[in-house]
Amino acid sequence: MWRCCRTDLADDENGEARLLRQKRDDCALDPSAPVDILALRNSGYLLQYFAVGLIFGGLPATQYGLFVAYLNVPAYVSTAASTLSTFPWSIKILFALLSDGVPLFGYRRRPWMMVGWTICTLFLICLACTPLPTPYFCFTESGKLDLHKVCNSGAAHEGLAFALLMMCAACGYVLADVAADGLTVSYARREAQATRGKTQTTAYLVRTMGQICAQLLVGLGMNGPEYEGTFSRGISFSTVCAILAIPSFAMLFVSWFLIEEPRVVIAAPGAKLAKPSADLEEAPSLGHFLASGWKLFESAALLDVVLFQFLSNAIGSIGTTAGPEVQRVWAGVQNLQNQLFSIAGNVLFIFGLWLVRQRFLNFSWRLMLIITTVLVNVIDIPITFITIYDVLRNQYFYLDDGLITAIPSAASFIVGTYVIVELAQPGTEALTYGILTTASNLGGPVASGLSNWFFGYWHPSLSDSANYVEDEPEFRTTVALSFVIGYAFSFLSLAVLPLLPDQKADTHARLATRPRHWGYACATFVILFVGFLYSLTVDLLSVIPSTSCLEIAGGTGCNA
């Protein structure tokens, strides 16, 4: 039976001992009754994550066929376009400020979900109505793309519009996701310590199911020869976007009618906040909310986790720009097989999430990250080098890598979300989720910008598909060395693990004992602002045709 925390300690015991004694298996962070997320009246909560999974899985799934095969943009531009199209995940803190601090029509979550899905639907329709240029490569007599003959060289410069429209659509579904994250944290805080994390894990299980459905749509539908597919014809990129717009539009009604949320009333300044009933709760004014948020950011414990989330991704995600061309030209990966293996990988990812939920909720977070990082890289290294040196170049062998590493990747992913619940305070659920996931998500774009800049200096170019078609022995060694550097950065990211608490009790001990100072809040915002400004600037420079040649963007220099 669920029970709330009770304290039976002497008054003279210090705070840390008191805190550690309170952490019993039946201890929850919020004394309110648990929420049944499987009940019909709350079914819209999990449907939010399913719909986010559909769009989040669907739009990125089109990018291999669109940017790499159809438009044949340089590899570093493809990487930048992919990063830019999901960039709104890196500014979740801004959406969280709206969801937590600016109620609409008396509610903090449902109206913002509706706003988000409206934005997403409109830009998906824009994508569906934007005509594609003629493909970069010509077609052979058998109807396949001919990688040795160019018919429309201008197609390589047409990716900007599609990347920007995808980014705008992502702004919509990420806003809805942030509002759902606020519910996730409030629900999870009501769980007993021994089971806390099940709500989050269930939400991400459902989101991954949505991704699988979207990948089936893209893999089986967008599989014509123009997208490096295996069918004689398939549906177009525009049709995929139109289909995805349908569930996005449906979520407008689901968000309002299938989620229970208490109305909020704005508390008077200085008034004590209380919860009068299950259907009505008081919320702080915007000024009071911002003050509470600033107080949260003043914690050194929060800054440690922000630094970990940002640095582990910014360091660990630095890698070669050769990946897309190795996959397409040397491994010969086709669009359908790419999507089917992604689906299989997501199925195993779901199994990994379930495994963590059932067996490892209270396992050391640091040890889990060490194990998963080592496993993922040790498995990936031989597959990559066998492909590079032409020992075996087969798309099924190459794509096996994603299947084998799916389970450890799931464990690594979910750890980053567990610490958020332990740090969150009532009233700032979405803000806490937003600040930490923003820090994590910004690391990827920063790493992408650094990778494009660093590997852009390498010669012969790692981003030019012609070098892979020629396949000279010296070039193979260059590509192999670039992968070695990427693996080195992945292992180097483990150096920041001490910044991450080891488990739930350690998180609360840090909150109770670590100092507070306004300087920590300033450091948090400076880190995020600099990361945001750098990554957005570099990614935009990479996809704008007139600036993609700049060295900082990954090009070889505009003079050259």
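I began with serine 535, which touches Phe87, Leu442, Pro445 and Val446 once residues up to four places away in sequence are left out of the count. I note at the outset that this is a predicted model. I then looked up where serine 535 sits, and found this residue in helix H20, which covers residues 518-543. Buried or exposed, I asked of serine 535? Its relative accessibility is 0%, and because buried means under 20%, serine 535 counts as buried. I also checked serine 535 against serine 448, and the two are 87 residues apart in sequence but 7.8 Å apart in space, taken from C-alpha to C-alpha.

Next I turned to the protein chain as a whole. Its secondary structure comes to 20 helices and four strands, and of its 560 residues 56% count as buried. I looked up the contacts between residues at least 6 apart in sequence, and among these 81% join residues at least 24 apart.

I went on to helix H5, residues 110-129, whose 20 residues reach 29 Å from the first C-alpha to the last, close to the 28 Å expected at 1.5 Å a residue. I listed its buried residues, among them Trp112, Met113, Trp117, Cys120, Leu124 and Leu127. Which helices do the buried residues of H5 pack against? I found helix H2 (43-70), helix H4 (92-101), helix H6 (159-188) and helix H8 (237-257). I kept in mind that an α-helix has 3.6 residues a turn, so residues three or four places apart point the same way.

For helix H10, residues 300-316, I made the same kind of check on span: its 17 residues should span 24 Å at 1.5 Å a residue, and the end C-alpha atoms are 23 Å apart, which agrees. H10 is mostly covered, with twelve of its 17 residues buried. The buried residues of H10 include Leu302, Leu303, Val305, Val306, Phe308 and Phe310, and also Asp304, Gln309 and Ser312.

Last, I looked at how helix H11 (residues 323-330) meets helix H18 (residues 473-492), and their axes come within 11 Å and cross at roughly 135°. Angles over 145 degrees count as roughly antiparallel and 65 to 115 as roughly perpendicular, and H11 and H18 are therefore oblique to each other. The crossing of H11 and H18 is left-handed. I recorded the residues that make the contact as Gly323, Val326 and Trp330 of H11, together with Phe475, Arg476, Val479 and Phe483 of H18. Sorted by class, the contact of H11 with H18 has five nonpolar residues, one polar and one charged.

Notes:
Residues are numbered from 1 along each chain as its sequence is written. This is a predicted model: local features need pLDDT of at least 70, side-chain atom pairs count only at pLDDT 80 or more; totals for chains, interfaces and linings use all residues. Side-chain values use heavy atoms; hydrogens and water are left out. Helices (H or I, at least four residues) and strands (E, at least two) are DSSP runs, numbered from the N terminus. The expected span of a helix is 1.5 Å times one less than its number of residues. Buried means under 20% relative accessible area, exposed over 50%, partly exposed in between (1.4 Å probe, protein chains only). Contact means heavy atoms within 4.5 Å. Axes are lines fitted to C-alpha atoms, for helices over the stretch in contact, and angles run from 0 to 180 degrees between N-to-C directions. Angles under 35 degrees count as roughly parallel, over 145 as roughly antiparallel, 65 to 115 as roughly perpendicular and the rest as oblique. A crossing is left-handed if the near helix is turned anticlockwise from the far one by less than a right angle, and right-handed if clockwise. Ala, Val, Leu, Ile, Met, Phe, Trp, Tyr, Cys and Pro count as nonpolar, Asp, Glu, Lys and Arg as charged, and the others, Gly among them, as polar.
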